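Please read it alongside the sequence and the coordinates.

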Amino acid sequence: MKNLNTIGKSKKKIDALSLATGSAKFVDDFEIKDPLFVSFLYSPYAHAEIVDIDDENAKKIDGVVDILHYKNVKNQKLHTTAGQGYPEPSPYDTVMFDSKMRYVGDRVATVIAETKQIADNAVKKITVKYNVLKPVFDSEEALEKGAPRLHGDERFVPIPVKYNSENNLAAEVDFAFGDVEKAEKESDFIIEKKYSTHYASHAAIEPHSTISYFDEMGRLVIIASTQVPFHVRRIVSKVLDYPLSKIRVIKPRIGGGFGGKQEVFLEPISAFITIKHKRAVKIILSREEVFQSSRTRHPMKVKLKTAVKNSGEITALSLHALLNTGAYGSHALTIVSNAGSKVLPFFNKVKNISFLGQSAYTNLPVGGAYRGYGATQGYFALNQQVDIITRKLNLDILEYIKKHHIKTGETSEVFKALGEGSEGVAQTIHSCEMDKCIDLGAKEIDWYNKRDKQISLSEDKVRGVGIGFSMQGSGIPLIDMGAASMKMNDDGSFNLFVGATDIGTGSDTILAQIAGEVLGINLDKIIVLSSDTDLTPFDVGAYASSTTYVSGTAVKNCATKIKNQLLKVASNMLDSDEKNLVIGNNKITDETTNKSVTLGEIGEYTLYTKDQFQVQANASYVPQLSPPPFIAQFAEVEVDKRTGEIEIIKFVSAVDCGVALNPKLAEGQIEGATVNGICYALTEEYKFSKSGKMTNKTFNDYKIWTANDMPEMKTIIVESDEETGPFGAKSVGEIGINGPLPAIANAIYDAVGVRLYHAPFTAEKLYKELNKK
């Protein structure tokens, strides 16, 4: 796109200086007068009923204000902690304090004290008697007849979906088209494999945090490290039966979210205490608490069956995804749905497809939203299956993908058959540069000089290359909504108010760039205020890769309304025809006379001079479509055959995200997601004792990469023009996490001929497989 002022330019983040100097305020930086502090007592058992709680010795400690648990918090409301649109598609299976514990780390009681140290000490003085129950840790076993039951009959889902707490079934969704059975019989061969992915922590640098207090007008204020401030307001209101109009939620700077802060499990506790004691409350989780008692990536087992002709055509595909949702069903339906809805449309020429997605309750930590959101798990299976098929038929996998993937102007029956937990929306692809992504990525990794070559630079180490492909989405069509409002100031600057939630992604900057492009002004003329439920318009929040596409379109529409007002005023001031006016460089110019008026002059004119009015506008946007970004990711690995150690030599990502509104920020999103995916493939792993207790709850034992671990990385932005997006843009925030897991798995096979179906790919696991071979 040509002749643009801010779009397509790598503008500095508007909060960069404050973040770099440490002046940006996160939740823990807010100074609150005389706050109460909170510590939690957690269950040591994976499955147990509380027989009795004795808190008398804890209450005797000087400085203890209160202790909360199921015996003294009455009339609790069932709810879900999933920060989703209302009514939520997740089960209402949670209360603040329950008498039944469902995993090690489940909340037993809360101590409120004058200092954190006092609260921590008091927790140790609480005595609890448990009736220990038999746990179930495996998702398949959980669905078997006679398995220990986690939830009672009172649990429910507020929308009509399949749910059966008696059988530990937290969610189920299915669809099919064509005749799978017939196509299987007519195929030349069938490949049927089982794959599994594992637990992972979001590992955001800032832990879950919240502050609550009453302001001078008696309204409840919640400052929260959240991706979903408007959902927080709604959920707190409903759980506590407290007027929504008396709740204000503020999102300050956020130290990372990645889906983990789409959950609302601390804010109701904090608000409850503030309401009860009329005191400010601060809750900051420790890293151990984040690991064990917040939310995780859902483990998933995938059974993938493909019927194939000798030509390579996949005539039928059956995918069964079984999600381990842990003790509670947050996002249980929508994530398992995405293992189908985001994955199966990629090969849209497959005429016969069946999909079954199930989520099972187990006595393990609770799953939740996590970057990739089900697509990551599904693409792990599909990518390896394609590698297996093309190797069996001696086909070029790159050309195979280019031949069979969905293309511009095409659709997939899956789009309509399945959305995020319900029937989807029919849509046609308007932009796709997948072929170019494959070609450029292959060139950068030097694919054809390395594939099947088993290059060895030493006696025991062998190299291989692999590919991972994927598509994602841009918001949830007909469900997500974003809004924006703007007003003009005397000097020609503008206030931009957005409900969209910047969690470190740079969305405040991107949205300012969109508004600036429409109005022909620089970013220093736009003052952004985001995510304050009192001051900013509604937005669903930062999830589903929605911000650029959904909130960005709302901003563009709002800025266009402002522009039209400015042109009308300038027409009067210049005595010109509006058709001859152009806006740019902080002024409006009559192209026929070359007369101009600055935006500052317009601002003063509208406020002080004649026919005064406030230049202002608002706009909302609900997407009709969810245009997918596309990505091809390539891994080059070196495997030590003696030890099983795996080293990433180079990783390449070539992505079509439409027009990159800010190329550097887009690259940062891809590289961050890619490293997230590489760590998930190689090093991140929840380790449990036989009793279900997580045993590696610190970064000393749970390995995520640092700068010293990084391989050579290359990100290639391949632009397309998405006609439905703001200035041609699509999403970019999630898709980069989908490819590392399968790309590395395929590269390992290319190096040593060992197929790893179950992540993560530890040296120990590969060493055992090498010895079997």
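In this predicted model, the protein has a radius of gyration of 27 Å, which agrees with the value near 28 Å that a compact globule of 773 residues would have. The C-alpha trace spans about 85 × 75 × 50 Å along its principal axes, and the secondary structure comes to 19 helices and 27 strands.

**Burial, contacts and surface**

- Of the 773 residues of the protein, 62% count as buried.
- Among contacts with a sequence separation of 6 or more, 80% are accounted for by residues 24 or more positions apart.
- The protein exposes about 29200 Å², and carbon and sulfur atoms supply 48% of that area.

**Strand E25 and its burial**

- Strand E25, which covers residues 630-640, is largely enclosed by the rest of the structure, because 11 of its 11 residues are buried.
- In a regular strand, the side chains alternate between the two faces of the sheet.
- Both faces of E25 are covered, with Phe630, Ala632, Phe634, Glu636, Glu638 and Asp640 buried on one side, and Ile631, Gln633, Ala635, Val637 and Val639 buried on the other.

**Partners of E25**

- Strand E17, made up of residues 461-471, pairs with E25 in the antiparallel sense over 11 bridges, and within this pairing Ile467 stands opposite Phe634 of E25, a residue that is itself buried.
- Strand E26, made up of residues 646-656, also pairs with E25 in the antiparallel sense, here over 10 bridges, and Val639 stands opposite Ile646 of E26.
- E25 and E26 form a hairpin with 5 residues between the strands, in which Gly644 takes a positive phi near 85 degrees.

**Thr592 in its loop**

- Thr592 lies in the loop that runs between strand E22 (587-590) and strand E23 (596-598).
- Because its relative accessibility is 54%, and the cut-off for an exposed residue is over 50%, Thr592 counts as exposed.

Note on methods: Residues are numbered from 1 along each chain as its sequence is written. This is a predicted model: local features need pLDDT of at least 70, side-chain atom pairs count only at pLDDT 80 or more; totals for chains, interfaces and linings use all residues. Side-chain values use heavy atoms; hydrogens and water are left out. Helices (H or I, at least four residues) and strands (E, at least two) are DSSP runs, numbered from the N terminus. Buried means under 20% relative accessible area, exposed over 50%, partly exposed in between (1.4 Å probe, protein chains only). Two strands pair if DSSP finds at least two bridges between them. The radius of gyration is taken over C-alpha atoms; the globule rule is 2.2 Å times the number of residues to the power 0.38. Contact means heavy atoms within 4.5 Å. Accessible areas come from the Shrake-Rupley method with a 1.4 Å probe; for residues, only the protein chains shown count as cover.
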